[in-house]
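Hi everyone, thanks for making time today. Let me put the model up on the screen, and then I'll walk you through a few parts of it.

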Amino acid sequence: MKRVLDWNKYIEKAVQTVAEGIVMLENNNALPLESEDTVSVFGRIQLHYYKSGTGSGGMVNVSKVTGIVDGLIEAGVKINKELLDIYNKWDEENPYDQGSGWGGEPWSQKEMPLDEEVVKKAASISKKAIVIIGRTAGEEQDARIEAGSYLLTDNEKDMLKKVRKHFEKVIVLLNVGGLIDLEDIIANKPDALLYVWQGGMTGGTGTADVLVGKVSPSGKLPDTIAYKVTDYPSDKYFGDMKCDRYTEDIFVGYRWFETFAKDSVLYPFGYGLSYTTFDIDLIDAKNNENESIINVKVTNTGKYKGKEVVQVYCEAPQGKLGKAKRVLCGFAKTKELAPNESQSLEIVVKNSDIASYDDSKDNHCWILEKGKYYLHIGNSARNCPNSFSFTIDEDRVIEKCSQALAPVTEFERIKASEGDNEVTWTMEKVPMSEVDEEKRIAERIPAEIKYTGDKGIKLADVLSEKHTMDEFIAQLSDHDLSCIIRGEGMGSPRVTAGTASAFGGVSDRLMDFGIPAGCCSDGPSGMRLDCGTKAFSLPNGTLIASTFNRELAEELFEFMGTEMIANKVDCLLGPGMNIHRHPLNGRNFEYFSEDPFLTGKMAAAELKGLHKVGVTGTIKHFCANNQETNRHFIDSVVSERALREIYLKGFEIAVKEGNADSIMTTYGAVNGLWTAGNFDLNTVILREEWGFKGFTMTDWWANVNYRGGEPKRNFYAPMARAQNDVYMVCSDSSCVDEDIENALKEGSLTRAELQRNAANILGFILKTHAMKRMIGDEDTVEIINRGTDNDDTDEPVVFYDLDKKVSIDLSNVKSVKGENYSFALIVKNEGWYRMTITASSEQSQLAQIPITVFAMGTNIGTFTWNGTQGKPVSYSLEMPIFSRFTTIRMYFAQNGLDLHSVDFELLKAAENMDLAFAAEEK
Ligand code: BGC
């Protein structure tokens, strides 16, 4: 099939998403900007728009990022040029700190100290000031309650104070991945305050569209903004190095605040202003056996065009379980309504979405407890002027489950109950696991398919239904099966260069059976292609959630999917679906919301878009990956109820409604068992209860354990037994693995289980474009209107063997401003290496020609050459190389360097990955 990807339309959709995801918290006649306004922009981040956070969720290579000032200029706004020049000059003298190493970029940049005279002068030529405050975020660490992280720095506070003093109107824009402290901002009484989030490479255009009033803001908060971090009920144990006890239970975010602590809220969940106003009228509502159907009429009562989000929250009777007073159970967004225009919307609320999970002994079911149910309808968790109620006479079990994933450590949780005049809370003991896990697993070991050896059946014969999957799998030896459960990467040469992993056809023998290698690439907001190939960088998850617009997310991800086909990528490692349980979580930017319903619906929408063109997203991290501190070892201790209602719910929606077919587990443990080897999670809940039919994978180099045992990497037997299908990642998936062989001998793993996992993987692969390519039925993608964004060469990346030492000739390579040169190493010994780059330049001695080196997408360091009068000059650095396939990319910020060679020399071998990791962490 021939497909066309129109880059302009892709940009348009991304820009629309940005504009719809911006949340306006305040506006005292400062916005939209008027055509006569000249605007003074403060804050150095105006020159370095944060398109995303860092780490795997932010490493999309782009040719250009449109920042907010670029967007404003493109939109025709008059900018105070003199002030911009001052920032540019200071920025040149105080270069942006890229940091180095994995997650090494600082979360904020030094701010330009502001001379009061500069501010005064700016105010004399413009009435309106825009102050931009920026933060990045990323994996492996959480934000901290420190200046430059969650809090403002002294320079930022000083900037706000001075700007406030001299300007008539102050507009504050937060270019951040997640929530930051607003106290010092609010103290300066900004006239407008907007979370513009991180909007990907077109973020500035979408932001400008809102600022100039081309689009009225319609984004709504996907999180509650409380006054203080300590107000969030999860704060007590968040960040603990060993064990994070979820004592707040189901009372996450607004569920807590709206039930027990309304006064702690600065801006409620679901809140967001527009340039116009709306009336939401309840036309009619009814409840039947399975659902409630609500009809509302939304009227634009103001002067601007705009969109509104209608939100429905359930207030269930407290019953014996205790409930939150507000639970989001439906939402819909209007089209753009002109002043006085109305639109009718129908919102269907399924009874299963307002049910509670009873995790008490012998119950384990989704239940609607008897009593009066209210559905509150409005435009935030706080503002719901319309209500509809119905009564359920008898307790109604919606679905019976078996106890799964329950705690093994005693702890107490918050429990709500009906008090005299209001709902009150106490602490209660959490029901403990009573499951005999070994018995549960033993009862479910599948029947073995008899080994036949190679019968000449190819995977394509299963596709054409000439043979069954069982007949195909019968041919695979124990060794073949041991290979297929190990993904290869990062940067496996079997798939697109510089991607996260290959799976499926990961050995020559498996390929001979006609199994193609499928390709996974990070995720979630665009493709991470470590060789430097440019890709579209999309807005982050939190921004997408703030749009509350499912159709838009679906449309955007259809474009994304087509771009994936063009790059031969089958699985995008995202969307990230973990719950914003605490505002300091380092990866909140990748995730959607504190609410599981919104999370699940937005993820399902993205998946639908990807599925339309035959690719998919790997939803992650399954489940309860809610802190980055010590993420490889943290144990999340959570009740079964909170897991079901909060931490699993979004995934359940993505599986059942979004037909998710690929899932990644987490690094850490839930209730003592690392998720990568957790049978209840991967088999009982995911497959038996939810009917998941796809394949699952671990997070990269994840730990696995047996109950009570030590977690370790590459621990395949408990992983495979739990029916987590693929270990991500191995350096060579085709080698013999003695542990698997021993496990098969001992019986801690059976061939039947491996066959079952192989069937999951192959069943998935059958539907991929990788399979289509294998059988010669490849889709082609013509990308049109990409313009200068399309300067990548199609030349394949060269792989060099690195056996302790290698010298690579670069005499044909010259530095060209803005371009990359990439190659890959096949590394025999992992460890610490010295890398030396030799180059010369004919330019003057004052010239500065930097090369920034990235290994597997991570910034390793920058070397700067001056003119060398043509003589070769070498620079070296020491770096860990811990992956068998290591892509190296050199980014040239200037012209004028003639490269000669790059040399690698082993300094200290690391005997295994753990050592290499330890070395890196050191
Ligand atoms: C992250 C995953 C990511 C993987 C591959 C891990 O560090 O936790 O989300 O997909 O790396 O890059």
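Let's start with an open sheet of five strands, ordered 38-40-45-42-43, with mixed pairing. At its edges stand strand 38 (799-802) and strand 43 (858-865); each has a single partner strand, so one side of each is left without a neighbour in the sheet. On average, neighbouring strands here are turned by 25 degrees against each other, direction ignored.

Before going on, a word on what you are looking at. This is a predicted model, where local features need pLDDT of at least 70 and side-chain atom pairs count only at pLDDT 80 or more, while totals for chains, interfaces and linings use all residues. Residues are numbered from 1 along each chain as its sequence is written, and side-chain values use heavy atoms, with hydrogens and water left out.

Helices (H or I, at least four residues) and strands (E, at least two) are DSSP runs, numbered from the N terminus. Two strands pair if DSSP finds at least two bridges between them. Angles run from 0 to 180 degrees between N-to-C directions, with axes as lines fitted to C-alpha atoms, for helices over the stretch in contact.

Back in our sheet, strand 42 (residues 849-855) pairs with strand 43 in the antiparallel sense, over seven bridges. I849 has W865 of strand 43 opposite.

Strand 30 (residues 662-665) joins strand 28 through two bridges, and T665 is the bridge partner of F622. Towards strand 33 there are three bridges, with M664 partnered by M697. Which way do the residues of strand 30 point? S662 and M664 go one way, I663 and T665 the other, and all are buried (under 20% relative accessible area; over 50% is exposed, in between is partly exposed; 1.4 Å probe, protein chains only). In general, side chains of a regular strand alternate between the two faces of the sheet.

Next, helix 19 (residues 679-689), where ten of the eleven residues are buried. Among them are F679, L681 and R687. N678 caps the N-terminal end of helix 19, with a side-chain oxygen 3.3 Å from the backbone nitrogen of D680. Just after helix 19, G691 has a positive phi of about 75 degrees.

Finally, the ligand. Which residues come nearest to the ligand? Of the 14 around it (a heavy atom within 4 Å), they are E139, D522, R587, H621 and D699. A polar side-chain atom of H621 lies 2.7 Å from a ligand oxygen. For Y667, an N or O atom in the side chain is 3.1 Å from an oxygen of the ligand, and a polar side-chain atom of R528 lies 3.3 Å from a ligand oxygen. Taken alone, the ligand exposes 310 Å², and the protein buries 97% of that (Shrake-Rupley method, 1.4 Å probe).

Conventions: A polar contact is a pair of N or O atoms within 3.5 Å; within protein, one must be able to donate a hydrogen and the other to accept it, and residues adjacent in sequence count only if both atoms are side-chain atoms.
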